[in-house]
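The following note sets out numbered points on the structure shown below.

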Amino acid sequence: MNMFNHYVRYGLLASLSAVVVSCGSVNDAGNLGGTITGLTASGLVLANGSDSVSPSVNASTFTFPTRVASGAAYSVSVQTQPTNLICSVTNGSGVMGSDAVKNVTVTCAGSSVSALAGSGANGFANGTGQAASFNAPGGIAVDAQGNVFVADRGNNVVRKITPAGAVTTLAGSGAIGAVNGTGNLASFNNPAAVAVSNLGNVFVADSRNNLIRMITPAGVVTTFAGSGSIGAANGAGAAASFSNPSGIAVDNAGNVYVADTGNALVRAITPAGVVSTLAGSGAAGFADGASAAASFDNPTGVAVDTAGNVLVADKANNRIRRITPAGVVSTLAGSGAAGSVNDTGIAASFNNPAGVAVSSAGNVFVADSVNNLIRRITPAGVVNTLAGTGGAGAVNGRIAVASFNDPGAVAADSAGNVYVADTGNSLVRLIASQ
């Protein structure tokens with residue numbers, strides 16, 4: 001006899017009148033995922049902290065296996081990416097609410113490496129593509145129109161490359177000097193780095209002259225800051241001094257940032273030419289901290305992001321550092337030991353990183369010079385190899401088979417293309433997102 005019939009037979013059914021049976025469905029609160037486009041190869045691994053997911057080839061959606069608690073923060077990053085694809089994340093961070101998060105977007109695009117300009121042999125010639133030649137190009141920048149500017153160190157000139165690959169000399173006679181003037185009437189001494197402002201002015205870290213120079217769009221060269229003598233003095237214009245400045249960047253407001261290599265400092269210059277020390281003790285070393293409590297060792301490349309944070313290629317420390325607008329220094333990535341490990345933050349390693357660039361999406365690109373690699377650091381601090389085999393060479397083609405030789409600097413445009421001053425090959429290379 002079942003219990004229902006038992007209750008009916010013995011008059012006990014009335015006592016069950018208060019029983020309420022409710023039915024519900026399992027919701028997806030706490031699920032974290034989104035959509036994927038362009039995943040045409042295997043090897044993508046997405047991470048949210050220690051949780052990871054590996055979408056299959058041609059997957060259009062993904063969901064992490066572990067739910068995120070309501071009120072908990074999440075941050076989705078690309079842990080590894082497929083060969084020949086560059087994958088980026090949008091809407092990847094936030095705080096989990098009462099509903100599922102399904103709007104994370106992952107976009108993958110094919111990429112390849114090509115030579116934008118240069119013959120591959122040391123020399124000096126203007127022309128288009130391979131008809132042009134450079135001599136150990138050390139710095140690179142790109143403007144909003146896609147023109148590329150090159151600090152052609154060995155030739156003591158600053159060059160300009162159009163999007164079509166046509167190379168001209170913007171300024172410099174080729175002779176060593178510190179002469180101001182227009183075009184080839186001006187002179188430099190081992191110009192190490194360039195940056196271009198929203199107004200089209202090109203700033204030059206004129207390393208052996210210990211000067212910061214400025215070139216107008218018309219090619220007129222002036223001294224922006226520095227006395228020419230080695231020193232670390234702050235002040236306006238010629239009252240300031242530098243020691244072998246090797247990296248330079250400019251923000252949207254026209255402030256200029258300098259990797260003052262010989263002084264182991266990062267300096268800031270206002271649009272009016274007033275120089276101050278942003279961070280560094282002035283003694284070579286390694287320490288995170290605020291302003292003078294921090295230290296660097298052979299800082300050689302700088303970049304500035306849209307929030308005003310300055311990224312530094314701290315070459316001899318094998319680290320990428322970050323400086324807030326208030327001057328607080330931290331380590332974005334790198335253990336300090338020489339290596340080429342892809343991982344997150346200080347678990348990753350570099351070998352003499354020489355140049356940095358930052359994209360509008362917050363990705364940091366690194367010219368990892370002794371490793372002969374171009375690396376990428378996501379906003380979450382995940383380091384991976386963007387292009388290069390690690391062996392010295394000048395091979396073009398798929399990013400997994402392409403090779404570089406002592407790359408000295410990188411630049412990134414708004415379309416996701418990355419430009420490389422391939423110093424050892426005397427080439428300017430393009431990593432094109434397709």
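1. Ala 316 is placed in the loop that joins β26 (310-314) to β27; strands here are DSSP runs (E) of at least two residues, numbered from the N terminus. With a relative accessibility of 38%, Ala 316 is classed as partly exposed, given that buried means under 20% relative accessible area, exposed over 50%, and partly exposed in between (1.4 Å probe, protein chains only). When neighbours within four places in sequence are left aside, Ala 316 is in contact with Asp 297 and Asn 298, where contact means heavy atoms within 4.5 Å. From Ala 316 to Thr 168 the separation is 148 residues in sequence and 34 Å in space, C-alpha to C-alpha.

2. On the basis of the note: this is a predicted model, in which local features need pLDDT of at least 70 and side-chain atom pairs count only at pLDDT 80 or more, whereas totals for chains, interfaces and linings use all residues. Residues are numbered from 1 along each chain as its sequence is written, and side-chain values use heavy atoms, with hydrogens and water left out.

3. Five strands make up an open sheet with antiparallel pairing, in the order β24-β28-β27-β26-β25; two strands pair if DSSP finds at least two bridges between them. The edges are held by β24 (289-290) and β25 (299-304), each having a single partner strand, so one side of each lacks a neighbour in the sheet. Within this sheet, β27 (residues 319-323) and β28 are joined in the antiparallel sense by four bridges, and Arg 321 stands opposite Thr 331 in β28.

4. Asn 352 belongs to the loop between β28 (328-333) and β29 (353-358). Its relative accessible area of 26% makes Asn 352 partly exposed. Residues up to four places away in sequence not being counted, Asn 352 touches Lys 315, Asn 318, Ala 367, Asp 368, Ser 369 and Val 370. The side chain of Asn 352 also makes a polar contact with the side chain of Asn 351 (3.2 Å). A polar contact is a pair of N or O atoms within 3.5 Å; within protein, one must be able to donate a hydrogen and the other to accept it, and residues adjacent in sequence count only if both atoms are side-chain atoms.

5. Ser 243 lies in the loop between β19 (235-236) and β20 (245-250). Its relative accessibility is 11%, and Ser 243 therefore counts as buried. Apart from neighbours within four places in sequence, the contacts of Ser 243 are Asn 210, Ile 230, Gly 231, Asp 260, Thr 261, Gly 262 and Asn 263.

6. How many of the six residues of strand β34 are buried? Five of the six residues of β34 (residues 407-412) are buried, so this strand is largely enclosed by the rest of the structure. β34 pairs with β35 (residues 418-422) in the antiparallel sense over five bridges, with Pro 407 opposite Asp 422 in β35. Five residues lie between the strands of this hairpin, in which Gly 416 adopts a positive phi near 95°.
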